[in-house]
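Thanks for coming. I'll go through one structure this morning, a sheet and then a helix. Please have a look at it before I start.

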Amino acid sequence: MTDVLRLTVLGSASPYPRAGNPCSGYLVEGGGTRLWMDAGSGTLGALREHVGLGRLDGIWISHLHADHCADLLTAYYGLLYADVELAAPVPLPAPPGIADRLAGFLTNGPRRSPVEDAFRIVELHDHHRAHLGGLTLTSRAVSHGMPAFGLRVETEDGARLAYSGDSAPCDALTALAALADGCATLLCEADLAQPSPAGTEAVHHTPEDAGRTAATAAAHRLVVTHLGPFLDPSEAVHRAATHYTGPVKYAAPGRTFEVART
Ligand SMILES: [Zn+2]
């Protein structure tokens, strides 16, 4: 059996949606399983162009910045109060504290909103590993100045995708992408147009950093995403390619990448 992973970009804008490009969110399909990976603002509508909310097998959230998780709020309405017939709460691996964070926003009366009726929340930790249908998910704590995770998604057949979430370059992210023979595709953020000023903690990659991370991890392909407002896609791809000899692509909204086994 050949389990190809399909990565569809629902949105890749930072830090707020652009016209025609929601914030961070991706549909990952493989092994008969459908995963919504980050739920940034605007991505739920884009997701529904590909799969109904009730047909998702799980949702994975990298960190609790709104541009990566805001659409969980309206997904909650869809799952509990609309046309979705929910057999069981949707598995939601996510950073610690997410249940109370969602409830804080969703509760409008004396009774706490039943967040757990919509989502089966599993709190992430470094090296968290979970099986979701035909996919194996491995999460690593990465460097973003707050609890934040990167993710490796694997099929049983060995197709591997690594995703930075939001992070500065760090060993955990490189390890996530470098395991075994390297991942087939590294989806890496490149938010910064310029390096962080000396003496400040970096919390994002520049395009050059993304190229270096892909090269160090021996990734077979780099897809740059989460470009900040002062970067355009062709510039980001060109700059990343100055530090990485493999193919570099831009995570254009609506684009699908096939990830074969390595
Ligand atoms: Zn962030």
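How many bridges join E1 to strand E2 (residues 25-30)? There are 5, and E1 and E2 run antiparallel. Before more of that, this is a predicted model: local features need pLDDT of at least 70, side-chain atom pairs count only at pLDDT 80 or more, and totals for chains, interfaces and linings use all residues. Residues are numbered from 1 along each chain as its sequence is written, and side-chain values use heavy atoms, with hydrogens and water left out.

Some terms. Helices (H or I, at least four residues) and strands (E, at least two) are DSSP runs, numbered from the N terminus. Two strands pair if DSSP finds at least two bridges between them.

Back to E1, residues 5-11. Its Val9 stands opposite Tyr26 in E2. E1 is also joined to E14, antiparallel, by 4 bridges, with Phe257 of E14 as the partner of Leu7. Of the 7 residues in E1, 6 are buried, meaning under 20% relative accessible area, where exposed is over 50% and partly exposed is in between (1.4 Å probe, protein chains only).

The open sheet has 5 strands in the order E4-E3-E2-E1-E14, with mixed pairing. E4 (58-60) and E14 (256-259) are at the edges with a single partner strand each, so one side of each has no neighbour in the sheet.

Now helix H4, residues 98-106. Ile98, Ala99, Leu102, Ala103 and Leu106 are buried. They lie on the same side of H4, because they cover an arc of only 130 degrees around the axis, taken from the directions from the helix axis to the C-beta atoms. On the other side, Asp100, Arg101, Gly104 and Phe105 are exposed.
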